[in-house]
Amino acid sequence: YIANDCFMKAFFFIQEAVLFDHRSYVNVLACMYLYGIGTKVDTTRGLKLLEDEISKDNIAAIGYLAREYIKGESVPQNHRRAKKLLEKCASLGDAHSAYKLGKLHESERNYVYAIKSYTKAAKLGCEKAKQRLQNM
């Protein structure tokens with residue numbers, strides 16, 4: 001009960017922070033809605049928060065949404081959508097997203113695209129991608 005009360009209080013403050021355009025809290029608030037932490041589950045609202053961040057080039061929010069589509073827990077699994085989101089993050093210079101995209105392509109046995117994604121991630125400084133390229 002105590003933990004739930006704390007999450008409910010945190011939810012209020014995080015919601016206020018997002019209302020005042022603190023972009024770094026969008027992921028936290030979306031997660032709270034998607035998983036019912038401190039509030040009831042509201043998948044529609046959580047997804048809307050994240051989807052709205054795509055046009056604002058919020059790499060953290062876009063990457064979080066991509067991971068949700070890969071996992072398929074709070075939203076239906078959708079690798080096609082996840083790839084598009086990871087591609088957007090990679091185009092914005094996010095090495096981790098380029099690496100995740102490579103892993104996703106590799107898991108689907110699409111090695112040409114996996115190598116392209118790993119190469120981009122390596123150029124952006126991702127050490128894991130450099131190691132993965134050496135092992136392919």
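User: Before we look at anything, what makes two aromatic rings a pair?

Analyst: Rings of Phe, Tyr and Trp pair if their centres lie within 6.5 Å. Planes under 30 degrees apart count as stacked, over 60 as edge-to-face and the rest as tilted. Keep in mind that we are reading a predicted model.

User: How many aromatic pairs does a search of the whole structure find?

Analyst: The search turns up 3 aromatic pairs. Let's take F11 and Y33: their centres are 5.3 Å apart and their planes stand at 90°, an edge-to-face pair.

User: Which helices hold F11 and Y33?

Analyst: F11 belongs to helix α1 (residues 2–19) and Y33 to helix α2 (residues 26–35), so this pair ties together parts that are 22 residues apart in sequence.

User: Are F11 and Y33 buried or exposed?

Analyst: Here we need a cut-off: buried means under 20% relative accessible area. F11 has a relative accessibility of 10%, so F11 counts as buried. Y33 has 4%, so Y33 counts as buried too.

User: Now for another pair. How are the rings of Y99 and Y118 arranged?

Analyst: In general, a pair of aromatic rings is described by the distance of the centres and the angle of the planes. The rings of Y99 and Y118 have centres 5.6 Å apart and planes at 40°, so this pair is tilted. Y99 sits in helix α6 (residues 95–107) and Y118 in helix α7 (residues 111–123), so the pair links distant parts of the chain, 19 residues apart. Y99 is buried at 11% relative accessible area, and Y118 is buried at 1%.

User: Can we read a whole helix this way? Why is α2 described as largely enclosed by the rest of the structure?

Analyst: Count its buried residues. In α2, 7 of the 10 residues are buried, so the helix is largely enclosed by the rest of the structure. The buried ones are V26, N27, L29, A30, M32, Y33 and L34. After α2 comes G36, whose phi is positive, near 65°.

User: What does L29 touch, leaving out residues up to four places away in sequence?

Analyst: With those left out, L29 touches F11, I14, Q15, V18 and L49. L29 is also among the residues with the most contacts inside the largest nonpolar core, along with L49, L50, L65, Y69 and L85. That core has 27 residues. The elements giving two or more residues to this core are α1, α2, α3 (43–54), α4 (59–71), α5 and α6. Of these, α4 gives the most, with 7 residues. There is also a second, separate core of 10 residues, which includes A90, Y118, A121 and C126.

User: How far apart are K88 and A122 in sequence and in space?

Analyst: K88 and A122 are 34 residues apart in sequence, and their C-alpha atoms are 17 Å apart in space.

Note on methods. Residues numbered from 1 in each chain as written. Predicted model: local features only at pLDDT ≥ 70, side-chain atom pairs only at ≥ 80, totals over all residues. Heavy atoms only, no water. Phe/Tyr/Trp six-rings, centres within 6.5 Å; stacked < 30°, edge-to-face > 60°. Helix = DSSP H or I, 4+ residues; strand = E, 2+ residues; numbered from the N terminus. Buried < 20%, exposed > 50% of the residue type's maximum accessible area, 1.4 Å probe, protein only. Core = buried A, V, L, I, M, F, W, Y, C linked by side-chain atoms within 4.5 Å. Contact = heavy atoms within 4.5 Å.
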